Amino acid sequence: MKISVQSKNGEHSFDCGGRETILHAGLREGLTLPYECATGTCGTCRARVVGGEYEVLWKEAPGGKRLKPEKGDILMCQTRPLSDCSLMVPSELKVVQSGRPAKRAGTIRNIKPLTKDVAHFDLHLSEPMQFEAGQFIVVETPDLVGGRAYSMVNFTASPSDHIQLVLKQKADGKFSDWLFGDRKAEEAVTVFGPLGRAVFRPSEDKDIICIAGGSGIAGMMSILEHAVQADYFRNHKGTVFFGVRTHQDTFYLAPLADFVSRSHGNLEVTIALSHEESVSEVHQQYPNLKLATGMVHEVAKNGLGDRGENAIAYIAGPPPMVDGAIRALLGSGMTVGSIRYDKFG
């Protein structure tokens, strides 16, 4: 089927075949359609269908609460065409040649619990993928309807067929229940990506601020790994605030401590405990990691000082935490253009 998109700066068209969603098809063709989560939770990929037949996959998607379906409003990530369709998208679009996402087969292996409700796992791809630090993929399994977004934990400078992901088990989370359940040694999934624009590029030549809640630390680990590989902290500073509930909920402390030890003294990592008092200012087992008490965005607000000058900030976590962190950063004098984030529901 042909999809025609009328945007603020002109008209674009692309093919959408099989059981592809409109968003995936457009991104695959290099069209810079608006999106954040790509899974129906944020509402950023809204559009209005002005002609053609289509199928909405998830009518109850949280991101669609403000849509007017009677007028043809859709989330492109949750819509498949049943005929040629014409859309209106309220943004400027362009076509890019590099970094286009694609669909691949994947195999989940080596599921390892990190805490009582967080697990790390490997994903082996049918074809190598080149991705930037901070990007994510959408994973689908035949056993469940819809895709789930997960940021890459690792980073490689060249295309790789092996990526690492982290998942937090959530109440009524069907994918996390599926993964934490009685899994086989290997599980087949479908992968679409890479996605996301909250990426780290050493050429931007700025200090780094990372604020992460829970499993939102995943993309930050990729950013820090890239920075350490590039010896970026020889001439730049990095500040990381990682929020969890209690000491028992911490994970990735060993690699974070390793990043600090390899940063020429220019990387500072603070673990914020929201539901437990920190009995010391530093971690007993990892003395180069700091400890603080409070919600991570509040700890960041109190600990940033003037570090926002000449810096780019990366935020990831639950939407309320992301919103709080954005307010804290803006209050510290940072501009909107220096703040990068992906909201996942």
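## The open sheet

Let's start with an open sheet of 6 strands, whose order is β11-β10-β13-β8-β9-β12 with antiparallel pairing. At its edges lie β11 (148-151) and β12 (160-168), each of which pairs on one side only. On average, neighbouring strands here are turned by 40 degrees against each other, direction ignored. Please keep in mind as you look around that this is a predicted model.

## A buried strand and its partner

Next, have a look at strand β15 (residues 238-244), which is mostly covered, with 7 of its 7 residues buried. Gly238, Val240, Phe242 and Val244 point one way from β15, while Thr239, Phe241 and Gly243 point the other way. In β15, the residues pointing either way are all buried.

Strand β14 (residues 207-213) runs parallel to β15, and 6 bridges join the two. To spot this pairing, look for isoleucine 209, which stands opposite threonine 239 in β15.

## Two nonpolar cores

The largest nonpolar core has 58 residues, and those that touch the most other members are Leu123, Ile137, Leu165, Ile208, Ile217, Leu256 and Ile271. Helix α3 (residues 217-229) gives the most to this core, with 8 residues. A second, separate core holds 30 residues, including Ile3, Val5, Val89 and Ala149.

What does leucine 256 touch, not counting residues up to four places away in sequence? Its contacts are Met221, Leu224, Phe242, Val269, Ile271 and Leu289. One of these, Phe242, is also a buried residue of strand β15.

## Two helices side by side

Finally, turn to helix α5 (residues 296-303) and helix α6 (residues 319-331), which pack at an angle of about 10 degrees with their axes 8 Å apart. Because angles under 35 degrees count as roughly parallel, α5 is described as roughly parallel to α6.

Which residues meet where these helices pack? From α5 come Val296, His297 and Lys301, and from α6 come Met321, Gly324, Ala325 and Ala328. The residues of this contact divide into 4 nonpolar, 2 polar and 1 charged.

Conventions. Residues numbered from 1 in each chain as written. Predicted model: local features only at pLDDT ≥ 70, side-chain atom pairs only at ≥ 80, totals over all residues. Heavy atoms only, no water. Core = buried A, V, L, I, M, F, W, Y, C linked by side-chain atoms within 4.5 Å. Buried < 20%, exposed > 50% of the residue type's maximum accessible area, 1.4 Å probe, protein only. Helix = DSSP H or I, 4+ residues; strand = E, 2+ residues; numbered from the N terminus. Contact = heavy atoms within 4.5 Å. Axes fitted to C-alpha atoms, helices over the stretch in contact; angles between N-to-C directions. Parallel < 35°, antiparallel > 145°, perpendicular 65-115°, else oblique. Nonpolar A, V, L, I, M, F, W, Y, C, P; charged D, E, K, R; others polar. Pairing = 2+ DSSP bridges.
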